[in-house]
Structures are given as structure tokens and as C-alpha cells.
Amino acid sequence: MSLHVKRELFDLAASLSRRGQSFVVATVVRRDGLSSAHLGDMAIIDDAGGFHGWIGGGCTRPTVEREAALALQSKQPRFIQLSPEPERDIRPGLLMLPMTCHSGGTVEIYLDPVIASPRVALFGRSPILTALAALAHAIGYLVDVADPDAQADEVPAADRVFTSIDAPELEGATFVVVGSMGDFDEAAVLRALALKPMYLGVIASRRRYALLRDALIARGTDTSVLAPISNPAGLDLGAREAGEVAVSILAQIVARRNAVAVVSEGVADKPRRALPLVAPPEATSIDPVCKMTVTIAAAKHVGEWDGRSWYFCCGGCKTKFLADPTKYIAAVEGAAG
């Protein structure tokens, strides 16, 4: 592979990272016999399935694309060998796969997933959002700020600052916080909803948010669309100062990202709306019966026991588990220990 092509791939990797897209770098690390792939050949497979570069002919690429998707899902590297006789060279850590090319060559490819940093979009200008931008940036989040009067030097921790909440670059934001403080609340919430984020929080008093909610419903927004909005934004940590409120909001975002249901430690006279448990698309769980990995978002067999959801690969495993949960939980905990 020429140096020019490799530079293009490196530039693409940098661009994908800036845009918050995950991707896999596939590199040919061994070649034996006749094969169109050469040592050092590279390809990038992005999270949308786009394939860029070269790691062999048409019989190699589909396998690499499939294994790259699995690497992104598991967030773990994969080391594969494509061989006409995969059973002859079994080695620990090497996934043996059949080579279907008529050339009969063997090629080994290392698949390294590069997982994008989560992106948070902040609509508005306030001390809370400035502190939230700094905190999110400190733990590796990409931060966008959008406000008609936004100035980059006002939010030094932001990766990007936009003077329009309709900037197309905001697409893909996983978490959104609206803190427009009454200036353009309705437009900001509608734009945030259009982004379909995993988390949407609105910084406003309950009274002001109730007025905002009524105004949105009057404009035709369905109440079911507004239901997942977190208001007041943030966990109930007793926060008072701007920095403390920012911490509470970031804590709620982290909990949502990791699909953790948070229970307030406050007493019964300080009720909080329960945090909806929304699993990220890549979140997985272990079937306690057969130990298979199950993608939570796609799970068709779910059982509830002891205040927790359990995910199964099939109805048979679910039935066995619910018949004697402690038997399987003990096995899972023993393996984890």
C-alpha cells in the first residue's frame, strides 16, 4: 500500500474522530502463499459500514466487514486468520476463518476498534453550562455549545461553538442539555428532540418547565415525546452552586450512558421522577443460563427478578432461569468472583 493511500486513511481516521464516529482499523500482519493482500495493507471500516482501503480481494472483504462490526459491538480487538485450511494452524487468541478465494493463500488481519468519545450538546450560555462543558471535557466527552450569542472564549472547554442551534454539525449528539434560560427555550427543546439523544435535560424550575411544556404541547408536540425529558436536569444531590449543579447533571448523563438506574438517597418527602433506563445500542448482558452475550437493545427474551432485568438468548433459557433464579445467579456470581 502506497504512503499516499496510508496518509489518506490516517486523515480519514482523524476526521471520523472529530465527528464522533467509531471505526475499526484493519491491518494485514501476515501473508502466506498467493493472496492479493500484502503485509501492511490497511482499511478503515466506519460505524456506518463504510469500507475504505485495501486488505484483500472480494472474498476477504465481507469477512473483515462482519468481524469489524463485531469488534465495534464488543469494543474489543479481533485477530483473524483467513485460510483454506483453518483447522491446521490453531493458535490462542487467533480466530480461524475459512478463506474462500481460489488463490488458496492465507492472510492474518488485526482489527482494532477505535470507539468515539460520547458527544454532548449544550444549548445556551450560563455558568452551569460553562462548568458542565469543563467537567464533560475532563472525562473525555466531546462538547458542542450552541447559542446565538455564543463566543468561543466564553466556553474554553468546548470542542466546537455554534451561533445557530440548527447547525448540522450537531447531528449525532448523544446527550443534550438545554439551558437557554428563557431566551429560546421552545426552539432549543424542539431542536434537541430532533437530535433523538439518549438523554435530554432541561435546566429550569419546575414552574418554568411546566409553562414551557404547555407551550410545546400547544404547538402540536405529543406528550409522549416530552415524557423522557429530565427536569430539573441532574440527580438530586442537593446542589446549589453552578458547579455543583453541573456535577449533578453530568452524573445523570453518565448513569444514562451506562444504563444504570439511579435511586435518590433523599427521604420520601423529596420525591424525584425516576430516571428511565435506556440502554445504549451497544450495551450487552450475559445470559445467566447459557452464558451467551446478549445485546440488550435487541433482546427479545427479558425476565424480571429481585428488582433487576435479566436478558436471555431464547425463551428456553428464560424459563429455566425463572424456575430457579438463585441456581443460575450463584453460578454467574461465582464466575465473576
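## Salt bridges between separate parts

In this predicted model, the side chains of Arg 78 and Glu 67 meet in a salt bridge, with 2.7 Å from N to O; a salt bridge is a side-chain nitrogen of Lys or Arg within 4 Å of a carboxyl oxygen of Asp or Glu. Arg 78 lies in strand β4 and Glu 67 in helix α2, so the pair ties together parts that are eleven residues apart in sequence. Helices (H or I, at least four residues) and strands (E, at least two) are DSSP runs, numbered from the N terminus. Glu 67 is buried, with a relative accessible area of 3%, whereas Arg 78, at 24%, counts as partly exposed; buried means under 20% relative accessible area, exposed over 50%, and partly exposed in between, with a 1.4 Å probe and protein chains only.

Another salt bridge joins Asp 144 to Arg 119, where the closest N and O atoms are 3.0 Å apart. Because Asp 144 lies in strand β8 (residues 142-146) and Arg 119 in strand β7 (residues 119-123), this pair ties together parts that are 25 residues apart in sequence. Asp 144 is buried at 0% relative accessibility, and Arg 119 is buried with a relative accessible area of 3%.

Glu 65 touches Gly 49 and Phe 51, when residues up to four places away in sequence are not counted; a contact means heavy atoms within 4.5 Å. Glu 65 and Leu 111 are 46 residues apart along the chain, and their C-alpha atoms are separated by 10.0 Å. The structure holds eleven salt bridges, and Arg 30, Asp 32 and Glu 108 are linked in a network of such bridges.

## Aromatic rings

Rings of Phe, Tyr and Trp (its six-membered ring) pair if their centres lie within 6.5 Å, and planes under 30 degrees apart count as stacked, over 60 as edge-to-face and the rest as tilted. By this rule the count comes to four aromatic pairs. In one of them, the rings of Phe 312 and Phe 321 have centres 5.2 Å apart and planes at 50 degrees, so the pair is tilted.

## Backbone details and a surface patch

Lys 75 has a positive phi of about 60 degrees although it is not a glycine; this residue is found in the loop between α2 (61-74) and β4 (78-83) and is partly exposed, with a relative accessible area of 36%. Met 181, likewise not a glycine, has a positive phi near 55 degrees, and its place is the loop between β10 and α4 (185-194). The peptide bond from Asn 231 to Pro 232 is cis, with omega near -10 degrees, and Pro 232 sits in the loop between α6 (223-226) and α7 (242-257).

Leu 39, in the loop between β1 (23-32) and β2 (42-46), is exposed, with a relative accessible area of 62%. Together with Val 29 and Tyr 110, Leu 39 makes a nonpolar surface patch of about 280 Å². Patches are made of residues with over 30% relative accessible area and no salt bridge, where like charges are joined within 9 Å and nonpolar side chains (Val, Leu, Ile, Met, Phe, Trp, Tyr) within 5 Å; accessible areas come from the Shrake-Rupley method with a 1.4 Å probe, and for residues only the protein chains shown count as cover.

## The chain and the confidence of the model

The chain has nine helices and 15 strands, and of its 337 residues, 41% count as buried. Its mean pLDDT, the predictor's confidence in each residue from 0 to 100, is 85, and 89% of the residues reach 70 or more. Over residues 264-279 the pLDDT is below 50, and beyond near neighbours in sequence this stretch has 28 contacts in the model.

Residues are numbered from 1 along each chain as its sequence is written, and side-chain values use heavy atoms, with hydrogens and water left out. Since this is a predicted model, local features need pLDDT of at least 70 and side-chain atom pairs count only at pLDDT 80 or more, while totals for chains, interfaces and linings use all residues.
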